[in-house]
Amino acid sequence: DVYKRQVSTQSTGESKQPMSSEQDVERQTEIAHSSKLWTSILHADFEEVKRLVKENPEAARSRGPVGETPLHLLFLYHSPQHIEIAKWLLDLFPALILDEYEGQEYKGENVLHIAIVQKDVELVKWLIAKEKRLLESRATGNFFKLGSPCYFGEYPLFFAASTNQKEVVDHLLENGADMLLEDSNKNNLLHLMVQHDLVDMYDYLESKFAELYKNSEVVPLSKRKNQDGQTPLIMAATLGKGELLSHIIENEKQVQWVYGPVACKLYPCDELNDTLQAIVDKEHSDLLVNPRIIELLKKKWDRFAKGYFYSRFFFSLFFLTVFLFVTVNIPSQDEQDKGELKKMTNAKILQPFDFLSQYIYLRITESYEDLNSFLIVLGKTFLITAVSYKTYREMREMLTNGLVTYFSGRGSQFLENSTSLVFCFLYITHVAVRFYNHYQNYLNNYLPVEERVEVHDYSVIPLSLSGLFGWAYLLFFFLGFKHTGPFVVMIYKMLMMDIARFTSLFLVFLLGFAQAFYVLFGESGWLSFASRVRVLFNTMLGGLEFEPYIESQFPAVAVPLVVAYVLLVGIMLLNLLIAMMGDTYAKISEDADKQWYLEWARIILSIESEMVPSEKESETNKYWTLIGGKKFLQVQEVNEDYFNRKTNDDESVSGQVAGLKDELEKVKSLLLELKK
């Protein structure tokens, strides 16, 4: 039978065809219904199991398709009859208790792991009493990997905590389980509690740790980092666990003083900063409304970001105004340049750098003769200086934070970095190409007419694009204002989602109908096809002319086709796009405040990332309190219900007064009886 073939293959060491874990589990089910031993275990047939084991004692240690032993399955099925057979097997073969699953799927799992997941406390205690070495086994198979539903942290203690069993946790700790263990991902017990969102167990484990290591200098579990550099707090922020995030933050606080309804509290600043960064990176906008995170953002905003933001905003407006003025006056500059280049023509041909210095000198000296020329020269000087400084700042930010961090930002961070970097590159390219054009025109003055090089002013291309990116840079600041920020987010979402989907569908119809009309009209060449695409695009926008289709060679086909195109694209697709945009607007409007907080946080972090360490540590920009070399965020919290709540003393006094009243009533009643 199948069971004998399996044992034979294992004993002879023959190579088996590798199978996927899913196929192995399917084979396990098949064998459970076809092999005598595995079938008897499935149905808890005690007598049959006894007979088979007595006939062949090696059967007790045989392995199934996923590396399991009969004992593992008996614990897995977990009925009273199965457990009875399991205990009989362990009495007969005590060494079986340490057997672990083999194979990649459930590797390392033992009977204690199974008993814990089955939440059988008595069975767990029975197993620990028989063999404490079970506590050292690690379930590292794919079934227990990070990201799977059964990621319980490998060790039995971690399994007990992850399945929220305090009694089992206590028993394992009493029998030698180590709280300081870490799994393959360097996650400790508290990391696992964050993974499974277990707030009560998180507190329980912290109290157990404090109890076990109260006089020790061991680093607390809450301060230990996993292989991703995350403490439990940062992991909660990364995974979007709002309740646990708030709970852990409050656990980390230190109460400085309390005066009536006002309490001064201190929170570790570095961890809050890392938490904020994780929230922004993962776009958990709902976590940004946490009071401590809001307090951190407000302090950063008030201490340094606000002034920097507004000064940059007004400077950018001024810069773009000057840029617009210089750009509008380019035609008049070109006329002046031709005259000045002729003045520079002399017996000796100047080298590029000599030409540049003499050209600048000539432009400056002659600009005093005319106000407009003076303003243009002044504006150009300002633009080149500002662009050079901005380029330097962007390069410094890249070197300080790394290229990956610089280019992986999202939202306002991405908008600021991308628009400023592209603008600087385009404007510098414009200046370089324009200088090349001037120098080439200068050299042409020394050549005969027939030998002169024709100069095309390609500098207008980067200049035109730089204008687009320059004004788009202002959107970064509009994201920082609460009334305009959500609308910028809407535009971005519509472009990246609605317009992108519409474009993909539109291209299918556009190219399909363009090809059809291209053939019907008997056109040839790619230019004709491109022209047909342009005509259909104009048709979508309402520029339909029926005459060419009616007068075509096949009007009976061309006219219905163009009507179908108008119905499909001009009516259906455009209305679908409007509906999608309306849906996007409604969704963003619901979470407008959260979305704005996210972009506001990004702006603050973007400003902070551009600051050099000396700027960050300056006294004017300091938003923390320094205590013992550690940074803390100081918060004064007001309890508005303080005077509406009874204290324990008030309640005890009220109780005493009520008791005295009862005693007085009793005395009064006795006096009345005596009088009678």
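User: Is Glu131 buried or exposed?

Analyst: In this predicted model, the side chain of Glu131 meets that of Arg133 in a salt bridge, at 3.0 Å from N to O. The relative accessibility of Glu131 is 14%, and buried means under 20%. Because its value falls under that cut-off, Glu131 counts as buried.

User: What is the relative accessible area of Arg133?

Analyst: Arg133 is the partner of Glu131 in that salt bridge. Arg133 counts as partly exposed, the class between under 20% and over 50%, and its relative accessible area is 48%.

User: How many residues apart in sequence are the parts that Glu250 and Arg292 tie together?

Analyst: The side chains of Glu250 and Arg292 meet in a salt bridge at 3.3 Å, N to O. Glu250 belongs to helix 14 (residues 242–251), whereas Arg292 belongs to helix 16 (residues 291–328), so the pair ties together parts whose separation in sequence is 42 residues.

User: Which residues are linked with Glu250 and Arg292 in a network of salt bridges?

Analyst: The salt bridge between Glu250 and Arg292 is part of a network of salt bridges. Besides these two, the network links Lys253, Lys265 and Glu637.

Terms used. Residues numbered from 1 in each chain as written. Predicted model: local features only at pLDDT ≥ 70, side-chain atom pairs only at ≥ 80, totals over all residues. Heavy atoms only, no water. Salt bridge = Lys/Arg side-chain N within 4 Å of Asp/Glu carboxyl O. Buried < 20%, exposed > 50% of the residue type's maximum accessible area, 1.4 Å probe, protein only. Helix = DSSP H or I, 4+ residues; strand = E, 2+ residues; numbered from the N terminus.
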